[in-house]
Amino acid sequence: MTVLRYLHMDVFAATPGGGNHLGVVIGADGWSTAEMQRFARWTALVETTFLLPPTAPDASYRVRIFMPHKEIPFAGHPSVGSAHAVLSCGLAAPRDGILWQECGAGVLPIRVEGHGAERELLLQSPPSRIVATGHEAHPLLAAALGGVEAGALPPALIDGGRRWWLAELADEASLRAWQPDHAAIGALAQASDSMGLCVFARSAHAEYQLAVRAFPAGVGVVEDPASGAANGLIAAYIAHAEPHGLLSHGYRVSQGREVGHDARLVARIDGATTWIGGRSHTVVDGSLDWITRDASETRVVEASAERLVGLG
């Protein structure tokens, strides 16, 4: 009988319930890919992760990340939330302040800063590259932007772990009031094989310096409340375009208010290296009673509450 533990996370939340949902399964070492996919489809969360023993010699742990319809090699908030689960459950300890996460994108470092409820985890973004830039970079870009007033930096298609169109808007008020054409963003995402469009605007707010909205129409999501990978690409783009600007060493991000959330992300920029992260909170920590099936057998996986007490 296999004991499984299941955590439901609130990732990047500035206020309770303000972040992005994440389901984390611990102990599914014997599950097949098809079994993991079936469970991720059942949760109906944007991402569900499975924490596994590492196969790379220097990794602290391994994570597999599933959307409801497919496995993906990398994503920001699932990585940070999974690292929080690893620390909370005592599955691994930082080495010199770093957890090393093995995933489909390789072995990536996650910085651990602070302790307890104040702890922030920052993921090193994968290397990125500018694929195209400018308002004429794609024939469908103008329709996706819908005539909204542009900011200082030109739009750009950036590839790094995920592929996103990025566009700076003139100011925070315009960004928050914008009513995007989701069909046009979806057409751009499909034509450019990208996640969709992520817009940002600079802010004079005391608690954050950038406001962000992300529309990942390429994976069927209307608007994402907290986007780790997309924010990593924004930070890399700003570092490249404005190496001596006010945001060149890092900043804080507000995201999700337009969809009823309140997320806060942290960007750190060390030269060509960008780190994206924030705080996470475990909302549900419990047992998982789930039936797994493969072609040769049907078995019941149960977790006992009494035994879970001993897992710490």
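## Reading a helix, a strand and the enclosed spaces

Tutor: Helix α2 (residues 76-88) has 13 residues and reaches 19 Å from its first C-alpha to its last, close to the 18 Å expected at 1.5 Å a residue. This is a predicted model, in which local features need pLDDT of at least 70 and side-chain atom pairs count only at pLDDT 80 or more, while totals for chains, interfaces and linings use all residues. Residues are numbered from 1 along each chain as its sequence is written, and side-chain values use heavy atoms, with hydrogens and water left out.

Student: Why is α2 described as largely enclosed by the rest of the structure?

Tutor: Buried means under 20% relative accessible area, exposed over 50%, and partly exposed in between, with a 1.4 Å probe and protein chains only. Twelve of the 13 residues of α2 are buried, so the helix is largely enclosed. Among them are G76, H77, P78, V80 and L87. After α2 comes G90, with a positive phi near 70 degrees.

Student: Which way do the side chains of a strand point, and which residues of β13 show it?

Tutor: In a regular strand, side chains alternate between the two faces of the sheet. In β13 (residues 210-215), L210, V212 and A214 point one way, and A211, R213 and F215 the other way. Six of the six residues of β13 are buried.

Student: Which strands pair with β13, and in what direction?

Tutor: Two strands pair if DSSP finds at least two bridges between them. Strand β12 (residues 197-202) runs antiparallel to β13 and is joined to it by six bridges, with L197 opposite F215. Strand β14 (residues 250-255) runs parallel to β13 and is joined to it by three bridges; here V212 stands opposite Q255.

Student: What is the handedness of the unit made by β13, α6 and β14?

Tutor: A crossover is right-handed if, with the strands pointing away from the viewer, the path from the first strand over the helix to the second runs clockwise. The β-α-β unit of β13, helix α6 (residues 228-241) and β14 is right-handed.

Student: How many cavities of 30 Å³ or more are there?

Tutor: On a 1 Å grid over the protein atoms alone, a cavity is a set of points where a 1.4 Å probe fits but cannot get out; a pocket is an open set with protein on both sides within 12 Å along at least five of seven lines, and lining residues have an atom within 4 Å of a point. Grid points are joined across faces, edges and corners, and a volume is the space filled by probe spheres set on the points. The count is two cavities.

Of its 20 lining residues, E47, H77, R162, M195 and D224 lie nearest its centre.

Student: What lies in the largest pocket, and which residues are closest to its centre?

Tutor: The largest pocket holds about 350 Å³ of space. It is lined by 17 residues, with A13, A14, T15, A117 and R279 the closest to its centre.

How values were computed:
Helix = DSSP H or I, 4+ residues; strand = E, 2+ residues; numbered from the N terminus. Expected span 1.5 Å × (residues − 1).
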